[in-house]
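Reader: Please take one part of this model and walk me through it closely. I want the side-chain contacts and the charged pairs, with distances.

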Amino acid sequence: MVGLQNLGNSCYMNSCVQLLCGLPEVREAFASKYNHIVESAHAAVVDPAEDFLTQFAKLAHALQSDQTEGDRQKTETAFKELAGAMGVEVKEPAAGVLGIFPELCAIAPRMFRHCVGKGHSEFSTGRQQDAQEYWLHLMDKLEKAERQLATRAEGTQSNVSKSFWFRTEKRLETADHHVRYSYIAQQLLSLHVPLEAAVNKEAVAKYEEEKATQALKKVKPLLSRLPDHPIHILVGLHRLEVQRL
């Protein structure tokens, strides 16, 4: 089994990628056609490091490849033999291998993260991000790449991004029993949890406090540039708030 290394606050990306690469459609269109897609990048004079199709196919192929698993098994055997020569009994060599050679059991998707996050104000950084927002961004990248796939790599097609779309129906009935239906196409089904039902209210309160503190830090430099008339500033902010409401 091959996994993904955490590059530092990259668990949001790893969870999305592992979900995608576990799909048979992704294995068929990207993992098994990896060489074909890479050759098409060279033919199209595309920089592989900046090409989403190449990076995604490479990652999908690596996660499904037996080569990494074979390397791990060879290292396990060598590790056990070495320990035996030193007179040390190793009952679970895999645990030792994982601790000493984690790169043999997991892939570091640095180039993929760079390719997907390039140009994005948040995903290009090393900060923790929201998995839902990243998923939508990743689906947008994948959908655009799939349009190129059929023309760039002949005989290769993929509709993975479309398989996540669904339509929800809303029914509105008025007091006089008139009914109206509306339909919304979306990729994510949200589950709304009321705040009063939260079991981690203290953590939520702490988060909101930290969020307010960060917002205040951003506002303070702006206030320092304003004239020294605090009453007028407060009145102006109040008027803006009223207009917004």
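Author: Contact here means heavy atoms within 4.5 Å. The model is predicted.

Start with Gln187. It sits in the loop between strand 4 (179–186) and helix 9 (201–223). Buried means under 20% relative accessible area. Gln187 has 15% relative accessibility, so it counts as buried. Which residues does Gln187 contact, leaving aside its neighbours within four places in sequence? They are Leu136, Met139, Ser161, Phe164, Trp165 and Phe166.

One is the side chain of Thr125, in a polar contact at 3.5 Å. The other is the backbone oxygen of Arg127, which the side chain of Gln129 reaches at 3.3 Å. Residues up to four places away in sequence are not counted in the next list. With those set aside, Gln129 touches Tyr12, Glu122 and Phe123.

How many salt bridges does a search of the whole structure find? It finds five.

Lys118 pairs with Glu50, and the closest N and O atoms are 3.2 Å apart. Glu50 has 34% relative accessibility, so it counts as partly exposed.

Next, a pair within helix 8. Lys144 forms a salt bridge with Asp140, with the closest N and O atoms 3.3 Å apart. Why are they separated by about one helical turn? Because Lys144 and Asp140 are four residues apart in helix 8. Both ends are partly exposed: Lys144 at 46% relative accessibility, Asp140 at 35%.

Last, Arg171 and Glu173. Their side chains meet in a salt bridge at 3.1 Å, N to O. Glu173 counts as partly exposed, with 38% relative accessibility.

Glu50, Lys144, Asp140 and Glu173 are partly exposed.

Notes:
Residues are numbered from 1 along each chain as its sequence is written. This is a predicted model: local features need pLDDT of at least 70, side-chain atom pairs count only at pLDDT 80 or more; totals for chains, interfaces and linings use all residues. Side-chain values use heavy atoms; hydrogens and water are left out. A polar contact is a pair of N or O atoms within 3.5 Å; within protein, one must be able to donate a hydrogen and the other to accept it, and residues adjacent in sequence count only if both atoms are side-chain atoms. Helices (H or I, at least four residues) and strands (E, at least two) are DSSP runs, numbered from the N terminus. Buried means under 20% relative accessible area, exposed over 50%, partly exposed in between (1.4 Å probe, protein chains only). A salt bridge is a side-chain nitrogen of Lys or Arg within 4 Å of a carboxyl oxygen of Asp or Glu.
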